[in-house]
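Reader: I have a model on my screen and would like to understand how its side chains pack. Could you walk me through it?

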Amino acid sequence: MANESPTFSPLYRQIKSLIVQALETGEWRPGQAIPSEQELALRFQVSQGTVRKAIDELAAENLLLRRQGKGTFVASHSDPRAFFRFLRLIPLSGDIVPLKSEALDCWRAKAGQEASRILGIEPGAPIIIVRRVLKHEAKPIVVDEIYLPGEMFQGLSIEMLREWQGSIYSLFESRFGLRMLRAKEKIRAVSAERAVADILGVAEGAPLLSVERVAYTYGDKPVEWRRGLYSTAEHYYLNDLS
């Protein structure tokens, strides 16, 4: 890093920006410990308190993870605690159980106007479309259609999706170096069309929850557009506003 000593205030925000730059360039990988506050203070020529404030904000934003007695680590989608950050569908019993992903299709296409606008790519640019179903105890709960920029996900295939054991975001992080940092969702009620009703095992016209999501990586760059249909007969969507 050429000039690591910040020259303007607020100082901790500049330190935060420098740490994010290091994360984005891969200096510290997901799951890896970052240097201690003392080491970072020496590196950036600021006080440990300033570094601590920057790290506190990054931990609140789920970019870093503090572990008591062990240090501070780069947050990872492979961490089981990260699974429910982006998937908020909970059984009526309240038991939090990871849903099993089953890939149905994966194909290449050209971005239409809507996909190009949402993903910030040129119309006609290559995209990859993934269709999958999420199951709880072998029962289909969610049907997802996921749109991805083709250049960022070269090599993604149906075989890779079916072989992967973790979450799809941990796959994106591990194989393509893309970490989802935040997402925006639009939620509304819809009626099940026949094709989706058949997959979810519900009656045609049954009420479903439509969840449209755009997920962003570093630099607030959109890298995923997802449209999901959720069966809420035995589940509810949880949004913790605390």
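Author: Gladly! A charge sits over a ring if NZ of Lys or CZ of Arg is within 6 Å of the ring centre and within 35 degrees of the ring normal. This is a predicted model, where local features need pLDDT of at least 70, side-chain atom pairs count only at pLDDT 80 or more, and totals for chains, interfaces and linings use all residues. Residues are numbered from 1 along each chain as its sequence is written, and side-chain values use heavy atoms, leaving out hydrogens and water.

Reader: Over the face of which residue does Arg 67 lie?

Author: The distance from Arg 67 to the ring centre is 4.4 Å. The ring belongs to Phe 73.

Reader: How are the rings of Phe 153 and Phe 176 arranged?

Author: Rings of Phe, Tyr and Trp (its six-membered ring) pair if their centres lie within 6.5 Å; planes under 30 degrees apart count as stacked, over 60 as edge-to-face and the rest as tilted. Here the centres are 5.3 Å apart and the planes at 55 degrees, so the pair of Phe 153 and Phe 176 is tilted.

Reader: Is Phe 153 buried or exposed?

Author: Buried means under 20% relative accessible area, exposed over 50%, partly exposed in between (1.4 Å probe, protein chains only). Phe 153 has 0% relative accessibility, so Phe 153 counts as buried.

Reader: Which residues do ring pairs link into a cluster with Phe 153?

Author: Five aromatic pairs turn up in a search of the whole structure. Ring pairs join Phe 153 into a cluster with Tyr 169, Phe 172 and Phe 176.
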